[in-house]
Amino acid sequence: MSFFSCLSIVFVVLLLKYSMQFVAGWIVAKSSADESVFYSPYLFPVFSYNAFTNNVVDETQTVMPLYMVFLLAFLWGVAGVMFFDPLGFGVGLCSLVLLAFAGVTAHLCAVTPVQMGIASKYVNEMILKDASEAAQSVSNRRRQPFTIESPEFVEQERREKKAELEFQAIAYGGGAASAFASRKKAAKTAEPEVEDDVKVEPRRTSGDIALDIEDVDRQCRIITAIHGLEVTRPDGLLTWQEVREDVFEHGVGPFGFLYAFTVPPRVLRFIRWKYLPSTLKCRRKNKRGGQADDQQADTLERGGITALAISNHVTPASPPRDLVELLLQLPEFDAALDREFYEETRCVIHLQLLMLTASDARLSREKILFQKFLRENRFKLMSNGISPPANVFRTSSFASIDIPLVAVWLLSLTPEARARFHALKAAFNEEMERTDAIVDAEDRAALVAQKELREYWAPREADQCRQRMQEFLARRLRRESEGILTEEEESKPGYDEGIVNAREALLEIESGYSCVPGEFGRSLQFVDREFPPDTTSLAGCLCESEIAPQWKVSSAINIASGLFDGGTDPDDVRVGRLDDAWLLSALSIMAASGGVDDGKVDLLIDRLFVTKQTSLTGAYALRLYQNCQWETVIVDDYFPVLYDAAEREAAGLGADEDVELSVSAGAAFAHSRDFEELWVPLVEKAFAKYYGGYAGLERGYVHHALRVLSGCECEEVFLAPAARGALKKTLWQQLKLFRKNRFLLGAASLPSEHADPALRASGLVFDACYVIYDVRDVDGAQLLQLRNPPGDHQEWKGDWSDGSRLWTRRLRKRLDVRKGNDTGDDNTFWMSFDDFCHAFRALYVCRYYDPDKWTVKTMDARFSRQDATASGLPTRHNPGCTGLDNNPHFSLRVSRPTEVIITVTQVDARGMAPVTVLPIAVYVVAHQDQKDRARRVTALNQDNVTAHSGVPARNREVCVHCELAARTYTLLVAAYISGMEGPFRVHVQSNYPVELQQLWPAAWKTGNGTISTAPPGTLVERMAEKMKQTVAESATGAKILAKTHELADKIVAGAAIVDSAMRDEESILEEQLAKQQQEEAEEAEREQARLTGKKKKKQQADPDAPQSNPWIEQWNEDAGKPFYFNKQTGVSSWEKPDDF
């Protein structure tokens, strides 16, 4: 094999390598960049726009392999010219590569200018302003300095400082006037000191850094004299002229050897000076005169007298800085300049890509607005002599219009008609801008109202959390006293104390607690005393006057009603007289999560109910996710009803009321058709009981209800600002990703006052919530599949409806859409994304992570001073911090790029949320020097923190959403102040499996599932301890027998029992074990009598003997006083009981 053949093999392998890298990187970039790529005028750098994150991604490394292919191919051609005959192969390959290189480079360099030229026709001032604000916001967020200080404690420090200054002013000011003056002076002088501690330095631009570099370079060369004159530093850096003088005039420095080249000219000058002195003197005089003039001109131009200053030893104005210190600053400034220039360049490129994207969005919006203008102003145009062609509209939708036909029609108008047309269009545009401003103001007002409502309900939710903890403690104490529950049962997987308590309460009700004699086939009927079925539970409702005073049980409304009849479907949810559509809309979205008309109970609905079947006593236990925990609510099946026929006739109600009664069977509030299913009104009643009455349900928001029903993070996205400009593409990408992750989606339609006449005739229901089933991007069409709100409503009649002419056989096949009358009345339809943004107001997103797609890792831990895990964060508010490494640490191993959601909830191992909420934060740390192992964190900075939950906040739940590369990370969970103690739970969800382990404290899982920090001892000691626990907790001899056989050779105390078990039969062994238990019991009684000084009495035979007191005293931190708790009845009292 020839040498060229070997080279060809190497070149072919390298060409394949870089070609595959380029193709793979390009495919990934195109899938995420959505065809928005920026090429600089010099080709590099290359950036792409990621619409989902609204950020730009550096794609230089993606394009670089392409030019490596060109380089390798060119070198292959050069090698062919050198080592291969004939030369035509090498010459032809080189020529082909050069042509390809020139063509590809020219095309890529021209892409961005061409796109910007097209976009410039559609960019206006608003688009430019929005794009610049968005790009600057992303850039500032990326360069935001890393901080761990809590705003809560910063504000507290400011208030304390202000109070201290006011106190000092009053105490030492000498009167009211001086106190006021001192307070006013302190407000001017002291407040900036507190703010300066937390004030963020303004961002320095690359120009500012360049000026700093120039200033440092100037200080390295000259100093300023006392009179403002600039003089050369004696130890300063040399200029090129001074270097030349040192080398060629004095022969000093590292290049002093070059002085040898000046010897011949010097000898020549010496000979001329020796033998031709007259000529040399004349020339030297002229030369010196010219040099003196030049030096004087340079000195005057610089404003100084450098040579003279050096000789006269001019005193500097201030002591000059050390030269070494100045030189060490230059590399730092140079790195900062590179970083800042890169960020500014990236921000400018982001602005340009946003403008490209916004121009496309504006074009699609202008299509909708133009068609809307023609339809709404048809008669105005006709009165001005302008008649649009009848076939200009292809469909009834706003999103489709025949643009070529419109263009030809506009060109056919006379100049006067065209001017009138543009005047009307300009007035219409101004009206649309005012409408957009009104909608944006309403959206902002809605956000404020949501925040106020959350603050209004916060005390109620905290009170419910406190009552739940008291109930749990009471039931736990009772079970422990009765020996019902053991640690082994608590350690079983899937154990939920809330469900255990709910079932206990249901058993108490079935035994007759809070029950009355039942009717309609029931022996007992539960009556909820905490939420009585009378007018007190309706106080404040707007429809209170329409409700009958006597409520009815479910069997009285419909004798055949059941909890779940035929599964759970969105059509089962029907709105009653109560204005709680927000709750029922969320319930409809939940009911559509597992399928429709499949006869099954959806998983999300099923886990709301502890009671899985129709109750014989009318008692139902439901669970709501509040305070970051599932809280149980027990309700009866009494429901408000409307007046009957005679009462309605007396009240003069119309026939339409009869229609409503026939559908609801007389139920006043939420119901299913004919009241056949109870799960809908039961969920509504559980909400009403939790919030103190049905009146509390007349205010609320869909995403808040989704949060309570699902336990997942939920949000509301207002479509007006999100679908405007460059953000419209971001919204579409987010919708596709939401659907890919199987999130629950819903959409709120426009209010009727904001809908135009053409939209009102489209078949949509306004002020309602639709369920989004699917989001598809097929053959260039952006489509959404939606479902009508509950009830009998029309379907969408616009583009992509069931009877639309836009459907093709291919699209119907791909989207499984039936044709014509085959669709039936399924209440589902397809709609284009443009129509969706125009007809709907808000998008509801419930981030429900399907367990079939997302893996879950959970670990319980706590902040504890005993375990050295309560050090807190190193801030000025925490002087007692002993280091970041004395906080809980976890190891998170990721094997491939993975989307990870880390949630830290302040609950204990049993799922109970403590009343006190700590300010906490979560940090995902990647150690740069070690990628395969995790270790404890000693410092937090921008370099090692990959993701974090933000500044420490006093929230019961904090989350971190991030995409992690393949490596091992350290997960740090820390409270803000040292000594803060409390439990928490780490919940990690990922779309690919990850490994989560506890790193600090050094712990392992014990038998009951808790984390232990003490070593378990030897194997024999652990087995002996286990046997001891088993013997102490066993209730039967068989369990002791099984443990004795298993550990017979390890337990010395049971050696005699083991020997007898080996020699005798099982009956003899059981007798001996029973005898041993009796002896141990007698020994325990004797020991107790010896310690107490009393003898045991048989209280069962003596009824007059005193009983143990059930009351215990506990301390309430919020009230600051003790309260008394009855362990038997679970009753709490502030007053001291008589029998305590």
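The UniProt annotation "active site", taken from an unreviewed entry, covers Asn788; UniProt positions follow the numbering used here, feature names are shortened, and annotations may be inferred rather than shown by experiment. This is a predicted model, in which local features need pLDDT of at least 70 and side-chain atom pairs count only at pLDDT 80 or more, while totals for chains, interfaces and linings use all residues. Residues are numbered from 1 along each chain as its sequence is written, and side-chain values use heavy atoms, with hydrogens and water left out.

**The annotated residue, Asn788**

- Asn788 lies in the loop that runs between strand E15 (781–787) and helix H29 (809–815); helices (H or I, at least four residues) and strands (E, at least two) are DSSP runs numbered from the N terminus.
- Asn788 counts as buried because its relative accessibility is 1%, where buried means under 20% relative accessible area, exposed over 50%, and partly exposed in between (1.4 Å probe, protein chains only).
- Leaving aside residues up to four places away in sequence, Asn788 touches Tyr770, His793, Gln794, Glu795, Asn827 and Phe829, a contact being heavy atoms within 4.5 Å.

**Thr905 in strand E20**

- Thr905 belongs to strand E20 (residues 898–905) and is buried, with a relative accessible area of 8%.
- Not counting residues up to four places away in sequence, Thr905 touches Cys628, Arg956, Glu957, Phe984 and Arg985.
- The side chains of Thr905 and Glu957 make a polar contact (3.4 Å); the term denotes a pair of N or O atoms within 3.5 Å, where within protein one must be able to donate a hydrogen and the other to accept it, and residues adjacent in sequence count only if both atoms are side-chain atoms.

**A nonpolar surface patch**

- Val263, Val267, Phe270, Ile271, Trp273, Tyr275 and Leu276 make a nonpolar surface patch of about 740 Å².
- Patch residues have over 30% relative accessible area and no salt bridge, with like charges joined within 9 Å and nonpolar side chains (Val, Leu, Ile, Met, Phe, Trp, Tyr) within 5 Å; a salt bridge is a side-chain nitrogen of Lys or Arg within 4 Å of a carboxyl oxygen of Asp or Glu.
- Val263 is placed in helix H10 (residues 263–275) and is partly exposed, at a relative accessible area of 40%.

**The protein overall**

- The protein has 34 helices and 31 strands, and 42% of its 1140 residues count as buried.
- Among contacts between residues at least 6 apart in sequence, 71% join residues at least 24 apart.
- The protein exposes about 62500 Å², of which carbon and sulfur atoms supply 56%; accessible areas come from the Shrake-Rupley method with a 1.4 Å probe, and for residues only the protein chains shown count as cover.
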